[in-house]
Structures are given as structure tokens and as C-alpha cells.
There are 2 protein chains.
Amino acid sequence: MRRNELAEIQALPLFSGLRDDSFESLLRGAYVQNFPPQIELIREGDPADFLHVVVEGTVELFASWNGRETTMATVRPIATFILAATIKDGPYLMSARTVEKARIILLPSIDVRNIFEADANFAKAIVLELSQCYRSVIKASKDMKLRNSVERLANYLLKKDIENGGNGQFDLSIEKRRLASYLGMTAENLSRAIKSLKDYGVEIEGSKVTIKSAETLGSLAKPTPLIDDPAY
Amino acid sequence: MRRNELAEIQALPLFSGLRDDSFESLLRGAYVQNFPPQIELIREGDPADFLHVVVEGTVELFASWNGRETTMATVRPIATFILAATIKDGPYLMSARTVEKARIILLPSIDVRNIFEADANFAKAIVLELSQCYRSVIKASKDMKLRNSVERLANYLLKKDIENGGNGQFDLSIEKRRLASYLGMTAENLSRAIKSLKDYGVEIEGSKVTIKSAETLGSLAKPTPLIDDPAY
DNA sequence: CTTGTGCCTTGATATTTATCAAGAGGCTAG
DNA sequence: CTAGCCTCTTGATAAATATCAAGGCACAAG
């Protein structure tokens with residue numbers, strides 16, 4: 001593991017409160033791996049042997065049923081997945097694959113659980129992390145049940161715009177078919193949804209997004225922190 | 001608070017590991033309230049002042065946006081809601097109302113957070129509870145994104161059948177319009193979905209459900225523990 | 001008993017979303 | 001440079017789902 005990676009991991013809220021000896025013993029069993037694109041890292045249903053930390057590249061979490069597949073989330077550095085399965089010692093509920101080549105740190109689940117038992121600080125940090133994760137999924141669920149596909153896209157774009165400085169210009173940084181799946185629609189439907197947002201001042205050329213007026217788009221999107229603010 | 005209620009609460013996995021002094025100080029600020037049906041208990045966006053414990057009756061969690069509303073969950077005794085907001089000291093992401101008259105214990109969030117800080121056992125129990133909640137919502141999200149409305153209904157019925165002993169006979173125990181909302185469809189659509197399940201041996205008269213052959217229904221529903229097993 | 005009231009169902013129709021098929025454009029290996 | 005591959009788009013059509021309107025049924029209040 002590289003030194004700066006070590007520092008970055010330790011800086012994560014999840015790990016920053018750990019006792020020194022806890023962090024050390026967590027790292028003792030850890031190892032780093034580099035993966036090419038399109039590699040399946042974990043498969044839903046498998047036992048959660050490792051807590052994964054993405055330190056470079058992009059990982060997609062997805063789920064399958066009856067021949068269908070849907071993107072659940074995209075994980076970018078520095079972030080972990082999937083904590084809940086590790087803690088519960090349960091099977092993964094989602095599969096994961098690399099999108100771009102990725103560098104990932106693997107922390108044996110058994111170590112994570114042991115330190116969770118032994119270090120109250122870690123337990124507290126996990127509580128906060130899980131609360132955050134839980135609330136994110138609730139928000140995603142509300143998004144899916146309360147909005148149609150154009151509204152979901154509109155709110156997605158507004159959120160990404162804010163993430164990128166809010167100047168109305170940013171890069172999509174995700175393939176459209178993956179975005180479509182994430183937003184719960186087909187690629188064809190996303191194409192048409194994008195076209196229909198032209199009336200609201202949205203221009204998407206390739207991966208370059210331009211929002212002429214966040215206010216105009218907002219009149220359609222009607223964003224609310226109770227669905228769209230990741231920090232809420 | 002009644003004595004048997006006290007015992008039931010203490011028996012919850014969330015509270016059973018607490019130190020005696022922690023449990024005592026948690027109860028010190030607690031109070032019980034009885035609510036008539038159709039009372040709004042909490043409103044999404046409000047600060048999470050209390051952790052709620054349902055000891056009697058039924059509570060519906062729901063969310064609203066832009067004049068639309070959707071049922072997120074139904075809470076029955078003995079169970080808590082909403083833990084994550086309490087811990088994070090964040091706003092509620094869902095509203096709650098009584099369906100039948102309900103008896104609810106209110107634990108001030110500040111006390112919950114204080115004890116969470118002071119009692120490592122409580123922190124651990126919260127981690128397990130939140131993991132469970134998180135995974136439940138992930139499963140609900142997969143259900144919603146991967147299945148159409150008839151498939152969701154079919155799997156819902158199979159799950160409820162198992163909950164009720166798996167003999168193919170049980171009571172719906174939820175109004176159909178509420179069930180429709182929970183399953184992410186309109187009441188009209190649910191009516192038609194029920195009719196279409198007749199071909200698979202499902203009879204619903206009023207609230208009485210009969211599944212002639214779980215296997216036949218399963219051939220449509222294709223249940224998987226990775227979506228449909230609450231314990232997974 | 002009867003008269004609401006609320007829930008559920010049904011039919012007709014509209015809207016949303018998916019599917020299928022084809023073609024445009026860009027990227028890359030050879 | 002070019003062939004092949006992949007993604008994205010577009011059009012046509014089908015399927016799924018929602019909306020609107022009306023009526024039936026059960027239950028509760030008077």
C-alpha cells in the first residue's frame with residue numbers, strides 16, 4: 001500500500017477515530033489489488049469475506065434478477081463498500097464490477113468484525129456511516145417511487161451540477177447506459193428524456209452537460225433536500 | 001408504562017444488551033402516548049426529537065413529494081422507528097401516521113445519542129439494527145427496480161404466506177390502497193394485478209388470501225432470498 | 001331501517017415506459 | 001486507413017401503468 005493511500009484511508013470518517021492498535025491490526029490482514037476494467041469483484045449471494053476500499057478507479061454496484069440487471073450505485077475514491085454485509089456476516093446483496101481499472105484495498109471481514117467488537121470508537125464510526133448509507137437508500141427509494149423518469153433525470157443533473165461547482169457546466173462521468181440503469185430506465189428512454197429537457201435549457205453533447213438555468217430546470221425537477229441532498 | 005411493555009422493549013435486540021444504568025436513564029426521559037387512528041405522528045423534514053417504539057397498533061411510514069405520496073413501510077409491535085435520524089440528529093426523511101389506534105413510547109433522541117456515546121453495547125446493537133434496516137431497504141429497492149407490479153405483488157403474497165405459517169391461507173392485514181402504494185402502484189392497478197394472479201391459483205376475497213399452490217405462484221414470482229428473505 | 005361514506009372494482013382512455021429494429025458516429029486493433 | 005465493434009440515437013410499435021369516471025358493496029351513524 002502506498003503511503004498517501006494509507007493517509008487517505010485513515011482520514012475517512014469510518015477509520016479516523018480508531019485506536020492506533022485497532023488500525024494497525026486492521027491493516028495487518030489487508031492487501032491491495034489492481035484490477036482491469038470490467039472485472040467482477042463480488043457476486044451477490046457470496047459471503048462477504050472482505051470490506052472493500054476503492055482508492056483509485058470506479059466500481060459499479062449492481063443487482064440482478066431473472067435475467068434483468070440494474071445499477072444500484074457507483075463507487076469512487078475514497079470510499080468503502082459493502083459495510084453492512086461485512087458487519088452482519090451476511091451474503092452480499094449486490095454484485096460489484098470495475099468500470100475503469102481500479103485499485104482496491106481488501107480488509108478481511110473477520111478483522112473488521114473483531115475490531116468492531118473490541119474498539120468502541122470504531123463501532124460508533126460504523127453507526128454514523130451506516131446511518132448515512134441507510135438514509136441514502138431511503139432517498140433513492142423515494143426518488144424511484146415518487147418521480148417519473150424525466151423528473152429523476154432532471155434532479156440527477158441538478159445534483160451533479162452542484163457537486164461540480166454549480167456553474168452549469170460539467171462532465172457526466174458515467175456512460176449513458178449505466179446512468180439509465182441507475183435512474184431506473186432504458187438507454188432509449190434516457191435519450192428521449194434528455195431531449196425533452198432541452199425545453200428546460202439542458203444541453204448534453206457526448207458527456208458534456210450544460211444547464212443554462214438551474215432555476216428553469218428546477219421548475220421541473222422540484223428538488224428537495226429530503227430526497228436530493230446527500231448530506232441530509 | 002405497563003410492566004409487560006417494559007419487558008418487551010428490553011427484549012428487543014436493540015435494547016437487550018444495554019447496561020442496566022443505560023437502560024434506566026433511557027427510560028427516565030421516556031413517556032408513553034396513546035393515539036387514535038389517522039394521526040400524523042411525525043412529518044418528514046422535522047427534527048428527529050424522539051425515537052419511537054410502537055408497542056400496540058399500526059403505524060405507517062410514508063413520504064411525499066410534489067403532491068404525490070407513497071407508503072414506505074408499515075410498523076407493527078414491537079418495533080422502533082426511525083433510528084437513523086435519531087442517531088444522526090438529522091431531519092426525518094419519512095412521515096408517520098397511525099393506521100389503527102396505537103400506543104407508542106417516545107424516547108428523547110438526545111438521551112438515545114448520549115447513551116449511544118456512553119455505552120459501547122448499545123452502539124454495537126445499533127450497528128446490527130442499522131445493518132438490518134439498510135439491507136431491507138436495498139432489497140426493497142431491488143424489488144422496485146427489477147420487477148414489474150404483478151411480480152412484486154406475487155412475491156409479497158408469498159412472503160406474507162411464509163410469515164403466516166405457509167399454509168396458503170392468511171389475512172392481508174393491510175388496506176388494499178395502502179398495499180398498492182407500498183408496492184409502488186395505484187389501487188386500480190393492484191385490483192387488476194390480483195385478478196391476473198387468479199391464473200396462478202391466487203384468490204383474494206376481501207382481506208382473505210388463498211394461495212392454492214405456492215409452487216405455481218412461485219413459477220411467476222421467482223422469489224430469491226437476496227430480495228425476499230427479511231432475515232438475509 | 002336507511003342513508004351516507006369510504007373502499008374497492010371495473011371499464012375506457014391516456015400517458016409512460018419498454019422493446020425491437022435500424023442506422024449514425026466514434027474509437028481501436030490490425 | 002479501414003473494418004469491426006460499441007455506444008448512442010431515432011422511429012415504430014407494444015406493453016405496462018396511470019388517470020378518470022362510474023358503480024357496487026360493506027359498514028357505521030343516525
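Which element gives the most to the surface near DNA strand D? The legends below answer this question and describe further close-up views of a predicted model. Residues are numbered from 1 along each chain as its sequence is written, and chains are lettered from A and ligands numbered from 1 in the order in which they are written. Because the model is predicted, local features need pLDDT of at least 70, side-chain atom pairs count only at pLDDT 80 or more, and totals for chains, interfaces and linings use all residues; side-chain values use heavy atoms, with hydrogens and water left out.

**View 1. The surface near DNA strand D.** Helix α9(A) gives the most to this surface, with four residues. Here a residue is near a strand if one of its heavy atoms lies within 4 Å of it, and helices (H or I, at least four residues) and strands (E, at least two) are DSSP runs numbered from the N terminus. DNA strand D is surrounded by 15 residues, and the closest are A:Lys176, A:Ser191, A:Arg192, B:Ser149 and B:Glu188. By class, one residue of this surface is nonpolar, six are polar and eight are charged; Ala, Val, Leu, Ile, Met, Phe, Trp, Tyr, Cys and Pro count as nonpolar, Asp, Glu, Lys and Arg as charged, and the others, Gly among them, as polar. Of the atoms of DNA strand D within 4 Å of the protein, 63% belong to sugar or phosphate, and the rest to bases.

**View 2. Polar atoms beside DNA strand D.** A base nitrogen of DNA strand D is 3.0 Å from an N or O atom in the side chain of B:Glu188. On chain A, a polar backbone atom of A:Arg177 is 3.1 Å from a phosphate oxygen of DNA strand D.

**View 3. The surface near DNA strand C.** Around DNA strand C there are 15 residues, the closest being A:Ser149, B:Lys176, B:Arg177, B:Ser191 and B:Arg192. Sugar and phosphate account for 63% of the atoms of DNA strand C that come within 4 Å of the protein. Helix α9(B) gives the most to this surface, with four residues. At least two residues each are supplied by α9 (187-196) of chain A and by α8 (176-182) and α9 (187-196) of chain B. The side chain of A:Ser149 has an N or O atom 2.8 Å from a phosphate oxygen of DNA strand C.

**View 4. The relation between the two protein chains.** A rotation of 180 degrees with 0.0 Å of shift along its axis superposes chain B on chain A, with an RMSD of 0.0 Å. That is the relation of a two-fold axis. The superposition is by least squares on the C-alpha atoms of residues with pLDDT of at least 70 in both copies. The copies meet through the same surface, because 100% of the interface residues of chain B are also interface residues in chain A.

**View 5. A three-stranded sheet in chain B.** This open sheet has the order β9-β11-β10, with antiparallel pairing; two strands pair if DSSP finds at least two bridges between them. Its edge strands are β9 (169-171) and β10 (202-205), each of which pairs on one side only. From one strand to the next, the twist averages 20 degrees. Helix α7 (residues 149-163) of chain B packs on the sheet and touches β9, β10 and β11, its direction making about 100 degrees with that of β9(B). Contact means heavy atoms within 4.5 Å; axes are lines fitted to C-alpha atoms, for helices over the stretch in contact, and angles run from 0 to 180 degrees between N-to-C directions.

**View 6. A four-stranded sheet in chain A.** The strands of this open sheet follow the order β2-β7-β4-β5, with antiparallel pairing. Strands β2 and β5 (68-75) form the edges. Strands β4 (residues 59-65) and β7 (residues 95-98) of chain A pair over four bridges, and A:Val59 stands opposite A:Thr98 in β7(A). Helix α6 (residues 120-146) of chain B lies across β4 and β5 of chain A, running at about 135 degrees to β5(A).

**View 7. A cis peptide bond in chain A.** A:Phe81 and A:Ile82 are joined by a cis peptide bond, with omega about -20 degrees. A:Ile82 is in the loop between β6 (79-81) and α4 (83-88) of chain A.

Key:
A polar contact is a pair of N or O atoms within 3.5 Å; within protein, one must be able to donate a hydrogen and the other to accept it, and residues adjacent in sequence count only if both atoms are side-chain atoms.
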